[in-house]
There are 2 protein chains.
Amino acid sequence: MTTAMAGGAGGADALRRVRLTLAYDGTDFAGSQRQASGRTVQGELERAAGELHGEPVSVLLAGRTDSGTHALGMVAAYTVRTRLGPQVLARALNARLGPDMRVLGCEWAAPEFHPRFDARSKLYRYRLWVAEHSHPLVRRTAWHVRGPLDASAMREALGALVGERDFGAFRSSGSEVRTSVRRLLRARLGRRGRLWTFELEGSGFLRHQVRAMVGTLLEVGRGRLQLEGFRAIVEAARREAAGPTAPAHGLVLVRVLY
Amino acid sequence: MTTAMAGGAGGADALRRVRLTLAYDGTDFAGSQRQASGRTVQGELERAAGELHGEPVSVLLAGRTDSGTHALGMVAAYTVRTRLGPQVLARALNARLGPDMRVLGCEWAAPEFHPRFDARSKLYRYRLWVAEHSHPLVRRTAWHVRGPLDASAMREALGALVGERDFGAFRSSGSEVRTSVRRLLRARLGRRGRLWTFELEGSGFLRHQVRAMVGTLLEVGRGRLQLEGFRAIVEAARREAAGPTAPAHGLVLVRVLY
């Protein structure tokens, strides 16, 4: 490491609020959040950063993803004294991480930057592979469902979700958050051949909310649930009324917006 | 199995030339072609078909793919006496195959159908992930290269490959095919963000030809090789002149055309 990399500080360590953008393949993680046992995104990042900086590091994440759920743009932050520049730091972390997890960007943030509390919204994508047979090359990143599915009916139901409302119908059973009111900013369903993609942007999401919404939307797509019934489920805001929770592996956290 | 599934044959076994369309994730295969040891596409298919039909089955494939190379539309064929219908046969094979390999389609072909000799052309795709850092979700299906890469220069070089010519510059070392003359029908380079995709359709390809072409095209993209030098390499038709062979995992056999 040369002092040239430290920039204007002449090689002296400076206190940095490190802001990272992360991508990961969630298949082999027991979720994002550190646990007593099991490989997690937070745990791996804290291990890598600890090795790099030579001291224990506590990492904050913008949100929680379940085991099997992926990220293209998770945001993380930690504070450390370092003389490294952001690009060097990103490369050095990547050298200490497995190939299923990458730091895609690194920058210095304000000392008080908090990846979760400062987030304005999050963009999730949920992918379906709509076909008779599953597909080997998308099997880790799309939920295989057999058609037919009525895309127009699902789009109508999606429209009924946009806005600020009580999403209690789609909360995780046993969840203990104070309020289940959230604001869904955008919701669309795109199709590219047999790959169907829900895009959902919201101010925040309850645990399992996206997966429960997708599972219930599928009931609409299959004609088992009419639009009026769907609306009634949303209004009732009780978990028992909604459809099953879609599997974790179709879900990707695309971006956190600040 | 009910006799209704056998169709008009009233439940009697009929001699069938089975034509299959296959997709696979090549990561955990030692290539497509059966070998003394190692898990192969041909070997897995013969095992599954043998189990299903209760007799040894010899499978022909439309071509050979290397370990790590994928397929969306490989074609296979075998002959067997069966009372199953094509849809039931496809599902029954899939029930006996791992999740990284799927029969996507099954139909009856003429008794003399040969997936390799009858093929008019093949379409391959080679994907690059052009970015500073690798990407966890495309790491098995795209070659990570750092830019900058000159797309226009690579497109010009691609144009110099189209047509019937001696592709000896891109043949596998130690290859013993009689002639290295092949016809390249189409060649293009598409870009979607940082995912760059070569599409190459040809009457046939030498072993490792696509990978060697991509490796040499990258030399052009990096400015290490000028268009004139590239043309000279192609004309010389000697393997030593060309660039390195791109890794197997960026390559997908998309379709075999008959």
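**Exercise 1.** Work out how many bridges join strand β5 to strand β9 of chain A, and whether the two run parallel or antiparallel.

*Solution.* Begin with the terms: strands are DSSP runs of E with at least two residues, numbered from the N terminus, and two strands pair if DSSP finds at least two bridges between them. Between β5(A) and β9(A) (residues 195–202) there are 8 bridges, and the strands run antiparallel. The model is predicted, with local features needing pLDDT of at least 70 and side-chain atom pairs pLDDT 80 or more, while totals for chains, interfaces and linings use all residues. Residues are numbered from 1 along each chain as its sequence is written, chains are lettered from A and ligands numbered from 1 in the order in which they are written, and side-chain values use heavy atoms, leaving out hydrogens and water.

**Exercise 2.** Find how β5(A) is joined to strand β10 and to strand β6.

*Solution.* Take β10(A) (residues 251–257) to start with: 6 bridges join this strand to β5(A), in an antiparallel arrangement. Then turn to β6(A) (residues 143–145), which runs parallel to β5(A) and is joined to it by 3 bridges, A:L128 having A:W143 as its partner.

**Exercise 3.** Explain why β5(A) is described as largely enclosed.

*Solution.* Buried means under 20% relative accessible area (1.4 Å probe, protein chains only). In β5(A) (residues 121–130), 8 of the 10 residues are buried, so the strand is largely enclosed by the rest of the structure.

Note on methods: Buried means under 20% relative accessible area, exposed over 50%, partly exposed in between (1.4 Å probe, protein chains only). Helices (H or I, at least four residues) and strands (E, at least two) are DSSP runs, numbered from the N terminus.
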